[in-house]
Amino acid sequence: MVAIKNLKRKDNNTADRKQRLYKKIVLGMWAVFLSLLLLVPLYIYSVSIDLMGLFGGMPGTNMLENAEKDQSSELYSSDGKLLGKYFTEDRVNVTYHEISPNLVKSLIAVEDARFREHSGIDGMSMFRVAVKSILLGQNKGGGSTLSQQTAKVLFDLRVDEQYEGRLSGMNNKLDMLFKKTKEWILAVRLEKTYTKDELMAMYLNTVSFGSHSFGIKVASRTFFNKTPNELNIQEAATLAGIVQNPSRLNPIRHPESATHRRNVVINQMVKYGYLDEQVADSVKLLPLTVTYVRQDHNEGPAPYFRSVIRGFLSRWAKENNYDLYKDGLKIYTTIDSRMQKHAEDAVSAHMAQLQAQFNKEWGRRNPWINDEHQEIKGYIEQEARRSDHYRKLAGKWGKNADSVWIVMKAKRPMRIFTYKGEKDTLMSPLDSIRYYKRFLHSGFMAMDPYTGAVKAWVGGINYRYFQYDHVLQGKRQPGSTFKSFVYATAIENGYSPCFSIYDIPRSYPTGNGSVLWEPKNSNGKYTNLPMTMREAMALSVNTVTADIMYKMKPENVVNLARRVGVSSELDPVLSLALGTSDVSVFEMVGAYSTFVNKGVHTEPYYIVRIEDKNGNVLYKPTPKKVEALHEETAYLMLHMLKGGAEISGGSATRLSPALLRKMEVGGKTGTTQNASDGWFMGVTPELVAGAWVGGDSRNIRFPSWVSGQGGRTAMPIWDKFMVKVMNDPALGFRKTSFEAPAAPLSIEIDCDRYNSRHPLPEGADEADSLQQTRPVIPVIDDEAFM
């Protein structure tokens with residue numbers, strides 16, 4: 001009995017001890033809880049005010065009220081199409097109303113189910129995460145609200161050193177706690193500053209979706225080629241799923257993972273009542289369909305144009321305290337997206353054919369030759385020494401080191417350009433230079449001659465592989481296309497297009513001692529017959545042009561070329577008549593436009609206006625206009641240029657017959673010595689355009705002059721483009737003839753009547769037939785002929 005009593009007494013003592021221990025634990029927990037109730041707010045408050053500089057600062061009220069990430073600046077065509085963007089992070093903001101409801105529901109279901117209820121921090125989610133972390137040892141996250149994620153992305157608290165305090169760097173876990181606390185605080189402040197809809201749009205505008213796509217507008221276009229409001233359920237679910245891990249869930253690189261994640265999102269939509277289960281089941285069975293549109297500076301329309309004007313835009317932005325790559329500017333240009341496509345298609349189609357012909361004619365031989373048509377030995381090695389790759393190797397090992405050439409000759413995997421698409425191959429850097437040097441290049445530009453607006457710009461054959469622009473940056477000898485300025489000078493000084501000059505060999509003093517200039521026709525033959533200036537220009541007879549140049553004096557021709565828009569350095573020598581000074585396609589198109597615009601030169605321009613991200617106009621240029629020629633002179637030059645298409649054997653007679661029947665067309669081909677450069681300049685009543693074709697250097701050309709002449713290399717581009725443009729009803733070109741001056745012409749252009757009045761007896765001096773019937777602009781100094 002005593003033993004039983006002692007046992008009961010022992011059990012009672014144990015129970016008392018357990019009860020007392022339980023009370024202590026409860027009291028301790030209450031103490032901890034009450035301490036937390038006091039300390040947590042105090043801690044959060046201390047972080048919010050950066051007590052004693054311990055925790056580091058936070059974004060102020062102004063930053064919260066203007067909370068936006070960097071935005072891409074966008075370039076638009078005259079018909080409202082996006083041409084391209086300038087960015088460090090490709091991001092373009094949208095409003096909530098521009099976002100598909102499917103996307104909003106998908107995102108809420110998978111990322112923040114109580115988004116509409118909480119005030120920035122979801123207590124239930126945080127408690128769930130805490131339980132998993134403390135009791136179950138799981139650390140999978142998932143407690144962050146969309147507001148917290150927005151704060152994290154917007155303000156870069158975890159990487160920006162300006163938000164670090166004295167305690168930063170002491171312990172990684174403490175650092176993370178401080179930064180997480182700041183994100184909680186900022187999330188609450190964002191909730192107080194913005195509406196839920198605004199926060200949703202802000203999140204979708206800031207988050208990364210991978211593949212260099214920042215924000216929902218860019219992501220929608222990148223993966224589905226759609227705008228955010230066009231996304232269907234499966235597309236919206238795919239994008240909502242990506243944000244968890246843009247790299248691992250990328251639908252391009254990891255389609256299976258992306259599909260699984262999409263279906264998880266759809267299940268969540270069913271769970272929270274956003275989607276019917278039967279609809280969800282059918283959607284989950286759909287394959288992952290992605291329409292990938294690569295977003296980079298090398299893609300899209302008008303890449304050469306975008307690249308060239310970037311320099312101007314960067315300078316303008318810097319001078320006006322804007323950042324082209326971050327401030328979301330809207331740049332509206334004169335480029336017409338439809339004409340631009342026609343131009344790019346014309347260049348691509350013709351150059352592919354021309355390159356095939358070029359390769360066929362050269363066969364296994366190398367196309368880099370000297371004036372004697374002999375291959376230039378060591379040419380590729382010489383070009384290799386100019387490459388960045390060689391310079392880096394030489395800087396590492398020295399110019400004469402064997403290692404440099406060992407690397408330059410070592411084959412490696414490489415993706416190369418072909419007209420049939422990119423091709424993966426094995427090629428050494430030296431072989432790569434040899435391969436690309438064989439390509440012909442092109443530049444093409446079209447503009448409205450009346451307004452000066454540039455409508456199409458193609459600076460080369462493929463911007464990704466050949467980034468040098470041949471419209472504005474590149475300059476080459478224009479050949480016979482420069483003859484127009486020689487004849488314009490003559491007409492300005494009273495010569496009629498019917499004025500006749502003998503096509504005979506002549507020699508002219510050059511002012512350099514006894515050296516004479518003896519111009520020859522391209523075929524080396526002479527008719528020894530008189531021909532009118534219009535005929536000579538149409539047939540591109542060098543002897544006649546040279547004689548006019550001698551009569552007009554080079555300085556006066558240079559002066560006229562300057563007035564109509566040629567700004568490059570022009571050497572005032574007799575040979576300039578045949579186009580020996582380098583000029584750009586940009587200049588030549590602008591200059592020829594002066595003839596169509598009744599003698600008024602309008603400087604080509606390409607930017608209509610620049611706006612900030614809110615639509616405020618920041619820049620709006622006024623086209624520069626100057627009266628360069630007498631209206632009659634300009635019209636007579638159109639008559640001269642039309643001769644190229646109207647006179648039998650004219651250099652432009654091979655233009656499409658349908659085009660020539662449809663409207664008046666004037667044109668001039670140009671071919672330089674050895675056919676290194678081929679040109680064609682063409683004018684119509686509403687559009688002026690020019691094309692150049694040639695090798696990377698003047699040493700790279702067709703083996704025969706016939707194949708390399710401008711009528712075969714450049715004119716087909718102009719022809720293909722103009723046919724496409726004139727057959728495009730959306731462009732609305734209606735004008736079929738050039739407008740004549742209101743006043744009657746003072747110079748006779750009917751050559752039968754002209755010759756009856758001004759016969760040219762055999763052997764007579766041509767100057768005897770000159771009849772000046774109107775004021776001379778300008779008057780040529782008589783001393784020029786002494």
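Predicted model: local features only at pLDDT ≥ 70, side-chain atom pairs only at ≥ 80, totals over all residues.
Me: How many residues does the largest nonpolar core have, and which have the most contacts inside it?

Reply: A nonpolar core is a set of buried nonpolar residues joined through side-chain atoms within 4.5 Å. Here the largest such core has 141 residues, and Phe444, Trp457, Phe485 and Phe721 have the most contacts inside it. A second, separate core comprises 42 residues, including Leu204, Phe209, Val265 and Leu275.

Me: Which residues does Phe485 touch, leaving aside those up to four places away in sequence?

Reply: On that basis, Phe485 touches Val557, Leu560, Ala561, Val564, Val566, Met588, Ala591, Tyr592 and Phe595.

Me: How many cavities of 30 Å³ or more does the structure hold?

Reply: Rolling a probe the size of a water molecule over the atoms shows where empty space is left. In this model, five cavities reach 30 Å³ or more. The largest cavity contains about 90 Å³ of space.

Me: Which residues and elements line the largest cavity?

Reply: Its lining has 13 residues, with Val596, Lys598, Leu638, Phe738 and Glu739 nearest the centre. Helix H22 (585-596) and helix H23 (631-646) are the elements that give two or more residues to this lining; H23 provides the largest share, three residues. By class, eight lining residues are nonpolar, one is polar and four are charged.

Me: What is the volume of the second largest cavity, and what lines it?

Reply: The second largest cavity has a volume of about 60 Å³. Of its 13 lining residues, Leu440, Ala675, Ser676, Gly694 and Phe702 are closest to the centre. Strand E19 (677-683) and strand E20 (688-694) each supply at least two lining residues. The lining of the second largest cavity divides into five nonpolar, six polar and two charged residues.

Methods
Residues numbered from 1 in each chain as written. Heavy atoms only, no water. Buried < 20%, exposed > 50% of the residue type's maximum accessible area, 1.4 Å probe, protein only. Contact = heavy atoms within 4.5 Å. 1 Å grid on protein atoms, 1.4 Å probe; cavity = no way out; pocket = protein on both sides within 12 Å on 5 of 7 lines; lining within 4 Å. Points joined across faces, edges and corners; volume = space filled by probe spheres on them. Helix = DSSP H or I, 4+ residues; strand = E, 2+ residues; numbered from the N terminus. Nonpolar A, V, L, I, M, F, W, Y, C, P; charged D, E, K, R; others polar.
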